[in-house]
Amino acid sequence: MQREVMFAGFGGQGILLIGNILAHTAMEEGYEVAWVPSYGPEMRGGTAYCLVVISDRPIGSPIIRNPMHLVAMNHPSLEKFAPMVKPNGVVVINSSLIHIGSDRDDVDELLVPANDIANDLGSIKVANIVALGAFVARSKIVDFEVLRKCVQEQFSSKEKLIPINMAALEEGKKVAQIK
Amino acid sequence: MGKILMKGNEAIGEAAIRAGCLNYFAYPITPQSEVAEYLSRRMPEVGGVFLQAESEIAVGNMLFGAAGCGARVFTTSSSPGISLMSEAISYISSAQLPVVFVNIVRGGPGLGGILPSQADYFQATKGGGHGDYRLLVMAPASIQEAVEMVMTAFPLAEKYRNPVMILGDGLIGQMMEPVEFPEHLRTEPSNKDDWATNGMDTRKSSKPNLVKTLFLNAEKLEEHNVILKAKYDRMKREEVRYEPYNTDTDYQALIVSFGTMSRVCRTVIDDLKAEGFETAMIRPQTLFPFPEEPIKQAALKESCKVIISIELNMGQMVEDVERSVQGGRPVHWYGKAGGDVPTPEEIIDVIKSFVS
């Protein structure tokens, strides 16, 4: 079984990082993974996106037009990628910045005010981790406990950032559990 | 050491260090700049040399000089940068020196674009620089394979005293996949006393080694070219590498594809198999020497109706596929050159149109 997740937003929102953390978590669980970034001629402040492919067998084409899931951190990326998500996928919408829906009735839409939650925790920079926590909790694509370990590992060289990132992960999970 | 998640470009840099290469000269260019970024940090840690040259032309000649002294040396670049190095590649080939080149190919011609491309197939396999020379060319389809090929490239370059080129693309360079590195660290080129200008005292020899490419005497130049040809012929006998996929079935179509494009083709073959339609692939891992005989054998299988060379360019490898099949079956080409990698769905339609 192969699953794909598109993470998309502005450059600077930590999009590539949360894709990296998810890929790392899936690898720790023993899956085959590929992390494919957008590296085209992007402008500063333009869109940044990456695709994470998780599979239980060797990954063939890592270039996927229709991902199973989407985490959209800004308005343009939701508009661009929501129509491409496969039916029954999870679509996480950063509702702090996006005031529209996915316009799809065949996906599991999850509104996460990631920027507001991050601000309440003390730093807007952890909005990406809030969204990641919400996405993993809802999609159950990887084990949440392994995810916690990988987030910790990610910030192991900047230990003072670990508590706020762990809190962001838990807050995201809470949002995902309210249906 | 377990698996780590690593970007292709960084893994290529690490693989070179693990292969015992401590000299890296380069000039940055997208989509391979992370190799230089990584090695600017890593080379000083292992006591190696990271040198950003003033241009790719300078890089090529620095490689020539360092290799001539017997240093294990490599560079990475992308298409326009390799064009600038091509003069030096011709000289290095003639002087019979081991150097490893990595080309993370971008679309062309000219400045082109930075997205995945295989437009430098001809440049890598047929020359690019002047004169009658060949490079041993390998093309990885995953980050793990890129690591293995880089680590194999150095001993091969030294075995043949010939440049080896790894042909990747933007996806191989930019993508992250889990990789495992062999622990083994190699040291000095083992046969270098036979050719390196490292000092007669150093190697306790009374015979000077000479690095030269000028042979004004017709007989001497002929003799030199015959020696080079003998090496290329030996490569053809001993170094052909390829991966067959689904070839034990009664396939109706045979795909020939390498690198990133071959991964999409593997998905195509799996998807078509699920429909009950068998196709197969020969994936060349060495582009020179080209797996002529395996392709011919696979093409001539009773059930096989067509051969399709699928490439990220406007039809280059297809010429070698035609040469291999030698008219035994119809050979077609399909590809794209702008940077959009064809999807499995697109290729499935193409295969069906050729088979029906």
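Mentor: Two residues are in contact when heavy atoms lie within 4.5 Å. The model is predicted, so local features need pLDDT of at least 70 and side-chain atom pairs count only at pLDDT 80 or more, whereas totals for chains, interfaces and linings use all residues. Residues are numbered from 1 along each chain as its sequence is written, chains are lettered from A in the order in which they are written, and side-chain values use heavy atoms, with hydrogens and water left out.

Trainee: How many residues of chain B are in contact with chain A?

Mentor: On the chain B side there are 25 residues, in contact with 20 residues of chain A.

Trainee: What area is buried between chain B and chain A?

Mentor: The size of an interface is often given as the accessible area lost when the parts come together. Buried area is that loss for two parts, computed with a 1.4 Å probe and summed over both. Between chain B and chain A it is about 1,900 Å², and carbon and sulfur atoms give 67% of this.

Trainee: Which residues form a salt bridge between chain B and chain A?

Mentor: A salt bridge requires a side-chain nitrogen of Lys or Arg within 4 Å of a carboxyl oxygen of Asp or Glu. Between these chains the count is one: B:Asp270 pairs with A:Arg57, with the closest N and O atoms 3.5 Å apart. A:Arg57 lies in the loop between β3 (47-55) and β4 (69-72) of chain A, and B:Asp270 in helix α9 of chain B. Helices (H or I, at least four residues) and strands (E, at least two) are DSSP runs, numbered from the N terminus.

Trainee: Is B:Asp270 buried, partly exposed or exposed?

Mentor: Buried means under 20% relative accessible area, exposed over 50%, and partly exposed in between, with a 1.4 Å probe and protein chains only. B:Asp270 has a relative accessible area of 22% and is therefore partly exposed.

Trainee: Where in chain B is the salt bridge of B:Arg263 and B:Glu177 placed?

Mentor: The side chains of B:Arg263 and B:Glu177 meet at 2.8 Å, N to O. This pair links distant parts of the chain, 86 residues apart: B:Arg263 is in helix α9 and B:Glu177 in strand β8 of chain B. B:Arg263 counts as buried at 5% relative accessibility, as does B:Glu177 at 7%.

Trainee: How far apart in the helix are B:Glu14 and B:Arg18?

Mentor: These two residues form a salt bridge with the closest N and O atoms 2.8 Å apart. They are separated by about one helical turn because they stand four residues apart in helix α1 (residues 8-18) of chain B. B:Glu14 is buried at 2% relative accessibility, and B:Arg18 is buried at 13%.

Trainee: Into which domains is chain B divided?

Mentor: Domain bounds come from an automatic or database domain assignment. Chain B has domain 1 (4-197 + 229-236) and domain 2 (242-355), whose centres, taken over C-alpha atoms, are 27 Å apart. Here 30 residues of domain 1 of chain B are in contact with 25 of domain 2 of chain B. The area buried between these domains is about 2,300 Å², of which carbon and sulfur atoms give 56%. On the domain 1 side, B:Gln118, B:Tyr121 and B:Phe122 lose the most area to domain 2, together 32% of what that side buries.

Trainee: How many salt bridges cross the interface of the two domains of chain B?

Mentor: The rule finds three across that interface. B:Lys126 and B:Asp320 also meet in a salt bridge, at 2.7 Å from N to O.
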